[in-house]
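Entries follow in the order I made them.

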Amino acid sequence: MKWFMNRKIATKLLLSFVTVLGLMSALGLFAVYQMDKVNDAATEIAHKWEPGIRISLMLERTLVRVRSTEFQHILGNEETMATLEKALSERYAEFASLQAQYRQLGLSAEEASAFDQLSKTLAAYLVEHKKIIALSRDNHKDDALALTKGDSLKAYRAIEKQFATLRQANIDRKEEANTRADQVFESSQRWIIGLLVAGILIGLALAIAIARVVSHPLAEALTLARRVAANDLSGQVSVRSRDETGQLMQALNDMTASLGSMVGEV
């Protein structure tokens, strides 16, 4: 600490301000970095896991509607078939659009593989589905109904399980991202409060140290000057540093001694 006391006052002030500003800058940079991590987790939830859950639900809903329309087609007549087939064409386009949207979510290799498997099962179901629609259109209702209970039903149930697995994986990843964001927030909060308290305490300590360095020697110098003004040349002050105040104190001591010598000679 002595090396600090011997620096010039301007140097002391500069070092103190640089120290406090450095701490505040570190605090700001740390806060920005942690906020960026929280934002990354929030972006991951908003732009990947939530859309993944939403798209998988929409795909499953479309599948249910296709299955329902399939039975309506079998049970319907020629007048309703054209309307139902038009609705099915829209569902096929919806399948393609939703699958394309899901693939744009930035999937990992594992996620892409799982979705590819689901897409293959869906394609297999649609092959059986179109056979059923063709039989129904040709008025082979019994054969079409029988086909709905064979490979079509197996594929349908397999897709339901795959949708459930895919959606649960998205939910789990979303919860992991949310937990990670919570942990970053709690950790950041503790660090920011700690750094803020440390910065305040260090700044306060430096302010008190500089105030003492400046005020105490000046008070002693004022006391000595008053004694000299009262014709008391026996006073001396303690020189504790080599900065401007220390040099001033030494100069006052030298002046008092010089005056004492002059008066003694007179």
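**Entry: Glu-94.** I started at Glu-94, which sits in helix H3 (residues 78-103). Helices here are DSSP runs of H or I with at least four residues, strands are runs of E with at least two, and both are numbered from the N terminus.

Before going on, I noted the ground rules. This is a predicted model, in which local features need pLDDT of at least 70 and side-chain atom pairs count only at pLDDT 80 or more, while totals for chains, interfaces and linings use all residues. Residues are numbered from 1 along each chain as its sequence is written, and side-chain values use heavy atoms, with hydrogens and water left out.

Is Glu-94 buried or exposed? Glu-94 counts as buried because its relative accessibility is 17%. The cut-offs are under 20% relative accessible area for buried, over 50% for exposed, and partly exposed in between (1.4 Å probe, protein chains only).

I then listed the contacts of Glu-94, setting aside neighbours within four places in sequence: Arg-61, Thr-62 and Arg-65. Contact means heavy atoms within 4.5 Å.

**Entry: Lys-48.** Next I went to Lys-48, in helix H2 (residues 9-75). Lys-48 has 16% relative accessibility, so it counts as buried.

What does the side chain of Lys-48 make a polar contact with? I found the side chain of Glu-111, at 3.2 Å. A polar atom of the Lys-48 side chain also lies 3.0 Å from the backbone oxygen of Gly-106. A polar contact is a pair of N or O atoms within 3.5 Å; within protein, one must be able to donate a hydrogen and the other to accept it, and residues adjacent in sequence count only if both atoms are side-chain atoms.

Beyond four places in sequence, Lys-48 is in contact with Thr-43, Leu-105, Gly-106, Leu-107, Ser-108 and Glu-111.

**Entry: Ala-155.** I moved on to Ala-155, in helix H6 (residues 151-229). Ala-155 is buried because its relative accessible area is 11%.

**Entry: whole chain.** Last, I took the totals. I counted seven helices and zero strands. Of the 266 residues, 32% are buried. Among contacts with a separation of 6 or more, 77% join residues 24 or more positions apart.
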